[in-house]
Amino acid sequence: MLICDCCVTVSPHRQVAGLTLLAVGVYSARSATAVAGRYIEARLGKPSLVRETSRFTVAEAIKHPVKMTKRLRSKPQDALEGVVLSPSLEERVRDIAIATRNTRQNNGLYRNILMYGPPGTGKTLFAKKLAVHSGMDYAIMTGGDVAPMGRDGVTAMHKVFDWAGTSRRGLLLFVDEADAFLRKRSTEKISEDLRATLNAFLYRTGEQSSKFMLVLASNQPEQFDWAINDRIDEIVNFALPGPDERERLVRLYFDKYVLEPATGGRQRMKLAQFDYGQKCSDIAKRTEGMSGREISKLGVAWQAAAYSSEDGVLTEAMIDARVDDAFKQHLQKMDWLHGDEVTHGTTLTPHPAGATASGGKMGFNLPLSQAPEAQEVIAPVLEVKMKQEGESLSPPSNINNQSAEGKSATPAGQDCEDAAKAEAATEAKSLAKPAAPTDGKMAKEDKTGSSPPKDGTPV
Ligand SMILES: Nc1ncnc2c1ncn2[C@@H]1O[C@H](COP(=O)(O)OP(=O)(O)OP(=O)(O)O)[C@@H](O)[C@H]1O
Ligand SMILES: [Mg+2]
């Protein structure tokens, strides 16, 4: 059959309709691709705030297939394997581990945990083991990464929680150094962007979730915003190791870094003959105040000593020399730490001697708010003025205490010039004035913060 040209000519209306349909098709295809892209990104892409995760992306699976298969086939292990804790803390965290695992299996609501304590006491170590033990995925983000994100922080934070929501195994979201961004919103020190990011975090964590569990770790939990404290269901104090725990740690790391390489298949190291058990007990006594991390580093130091020796033999004397070195360095660090505390008037970290005396139970002292610097300085001067004028200026009780000390520096009977005394007293009064609002501000901040004033504390 023959068709002439005039029969195939399409009317202009049809042409327009065809073009419109084509445009709609292209637009829909683009939107669908964008939606799919966003879905894949939320599901597979690691958010920029997450530093480390047990979840793997498709790219990683292609790059490391053996590692991925191993991870998929790995069985849940003991949550406390290789973690040395005091018996009471061990019991506590074991309960948490069991509860978390059962929560996952029963699809219940996870409880949020705060772990606090000095550096190197096993907080991160335990958090990772907890995730593996419970069969959950874990993701580690660190508080210090949030502030530099500036205005992108809010989007990045929402992305973390969107991504957490897509985990089929449940996600243990571990926020290390949490105080770096979860600090009080009332302080002027945090920027608007950080405040907005913190608000986004609070918004996403307002309800307990069956998708993710929040584990926060901090050395300075007293700096947390009060709303954060309100979201925490369980607080665990990771203390510095006591004598027994130190011995277990020394044995653990002596085994790992010395005995295993010396006796294992390839025998990469030689070890001199001596009573290893006795040596470990002896080292535990000589490492008072040291953290788990410091003791593990000691193990690495022994290994390095053997590798750097000419004959590759690790002797008792070499071990002792490393212990002495490590302990000296520990004392030096403590010296810097406490020097810093004196300069800044804060004691946010524990004193090692006090710590070990109480069996390694560590506490965190709050800033020395009861001893304002201005009052310390003026107390002796005020006393001279009071004696001179015979009138009571009724200073606060802590000034009275201070003045007792001040006597030795400025004895009451000191023969000073009258004019100089009057001048000093005037100066003292002018110094005392600004001290009052500072006190008031501190008390106000305490109310909004994590450490409400104790009953009866004069404000
Ligand atoms: N309780 C412990 N038991 C066994 N090893 C420990 C313990 N504490 C610390 N270590 C060793 O020190 C290393 C560092 O510990 P971890 O990262 O858990 O400390 P942390 O409490 O998170 O410290 P930070 O507050 O500085 O983050 C561990 O990988 C481990 O080798
Ligand atoms: Mg840590």
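Ligand 1 lies between domain 1 (52-237) and domain 2 (243-344), because both give residues to the shell around it. The domain bounds come from an automatic or database assignment. This is a predicted model, where local features need pLDDT of at least 70 and side-chain atom pairs count only at pLDDT 80 or more, while totals for chains, interfaces and linings use all residues. Residues are numbered from 1 along each chain as its sequence is written, chains are lettered from A and ligands numbered from 1 in the order written, and side-chain values use heavy atoms, with hydrogens and water left out.

In that shell are 18 residues (a heavy atom within 4 Å of the ligand), with Val84, Gly120, Lys123, Thr124 and Tyr253 the closest. They split into 7 nonpolar, 8 polar and 3 charged.

| Residue (backbone N or O atom) | Ligand 1 atom | Distance |
|---|---|---|
| Val84 | nitrogen | 2.7 Å |
| Thr121 | oxygen | 3.1 Å |
| Gly122 | nitrogen | 3.1 Å |

Helix 6 (123-134), helix 10 (243-263) and helix 12 (292-308) are the elements giving two or more residues to the shell; helices are DSSP runs (H or I) of at least four residues, numbered from the N terminus.

The largest cavity has a volume of about 30 Å³, taken as the space filled by probe spheres set on the points, which are joined across faces, edges and corners. Its lining (an atom within 4 Å of a point) includes Tyr110, Glu207 and Phe212.

Terms used: A polar contact is a pair of N or O atoms within 3.5 Å; within protein, one must be able to donate a hydrogen and the other to accept it, and residues adjacent in sequence count only if both atoms are side-chain atoms. Ala, Val, Leu, Ile, Met, Phe, Trp, Tyr, Cys and Pro count as nonpolar, Asp, Glu, Lys and Arg as charged, and the others, Gly among them, as polar. On a 1 Å grid over the protein atoms alone, a cavity is a set of points where a 1.4 Å probe fits but cannot get out, and a pocket is an open set with protein on both sides within 12 Å along at least five of seven lines; lining residues have an atom within 4 Å of a point.
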